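Me: I have a new structure to go through and some quick questions. Can we take it piece by piece?

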Amino acid sequence: MSQNGYTLTPLTATIKPGEPTDFAFTVTAPDGRPVTDYQVQHDKKVHFIVVSRDLTTFQHLHPEEGANGVWTVKLTLPEAGVYRAYADIFPTGASALTLGADLFAAGDYAPKALPQVSRTAEVDGYTVTLDGDLTPGKSSKLTLKVSKDGKPVTDLQPYLGAYGHLVALRAGDLAYLHVHPDGEPGDGKTKPGPEITFYAEVPSTGDYRLFLDFQHGGVVRTADFTARAGQAAAPAASPTAAPSASPSASPASDHDSTPHGH
């Protein structure tokens, strides 16, 4: 929840499963005051990512800025359980940060098993294939190819300044990892599909969940994968209803502070 003196502070205490909620939060600076000045990253000041702790649900939201450093976003937690929220920010005068907080939707919680490792994802008639392997401790090239009805999609639309955004989360502690897009629309070399390339550096062996946002036909869709880093990777830890003791976003932040492609 805190890094370099900055802290994510939820202001909404109650979230009922399945009901849209106006969720509010602030980010406080080292001096204890709410941050009110942010740098824009990928067309937004704040990217708000919410996942269930079993990593089977994913939302990429964009809060609205209010007075006195308060941000609000319409949030629906689909089922009872524990969720992890991440605020991806760049306070002016600081470095890029990812701050996390646990959210709770009351009710009986039955965590689902982590989806099996796969190189293919289907979403709304689109097929996304994953090429490349995660190698612990090294920058890994990941190429995702988008097709529809068996034909490559060559007219992807820019979404938040890129043809795709990728979030990588480590199973077990839900560490949020930096993922860097290769190129951007309008740079003269990056094509609008079918391939989208990213570079990710994972710190350890194990299972990771990858969530790709891409836009086509005016609609943003999310393809998800489970990937394994290292040949001797053990199965992911079984999710529990209780938050892990240290679901820090720091494992990937110590080697690069540039804005990350999510």
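Predicted model: local features only at pLDDT ≥ 70, side-chain atom pairs only at ≥ 80, totals over all residues.

Me: Which residues make up the covered face of strand 10, and which the uncovered one?
Reply: In strand 10 (residues 120–123), Ala121 and Val123 form the covered face, while Thr120 and Glu122 form the uncovered one. Strands here are DSSP runs of E with at least two residues, numbered from the N terminus.

Me: OK. How many bridges join strand 10 to strand 11?
Reply: Four, and the two strands run antiparallel. Two strands count as paired if DSSP finds at least two bridges between them. Val123 stands opposite Tyr126 in strand 11.

Me: What about the turn in that hairpin, which residue takes a positive phi?
Reply: Asp124, with a phi near 50°; the hairpin has two residues between its strands.

Me: Changing topic: what is the strand order in the open sheet of four strands?
Reply: The order is 5-4-8-9, with antiparallel pairing. Its edge strands, strand 5 (58–61) and strand 9 (97–105), each pair on one side only.

Me: And how many bridges join strand 8 to strand 9?
Reply: Nine bridges join strand 8 (residues 81–89) to strand 9. Ala87 stands opposite Leu99 there.

Me: Now pockets. How much space lies in the largest one?
Reply: About 250 Å³, taken as the space filled by probe spheres set on grid points joined across faces, edges and corners. A pocket is an open set of points on a 1 Å grid over the protein atoms alone, where a 1.4 Å probe fits, with protein on both sides within 12 Å along at least five of seven lines; lining residues have an atom within 4 Å of a point.

Me: Is Thr197 buried or exposed?
Reply: Thr197 counts as buried because its relative accessibility is 16%, and buried means under 20% relative accessible area (1.4 Å probe, protein chains only). Thr197 is in strand 17 (residues 195–201).

Notes
Residues numbered from 1 in each chain as written. Heavy atoms only, no water. Buried < 20%, exposed > 50% of the residue type's maximum accessible area, 1.4 Å probe, protein only.
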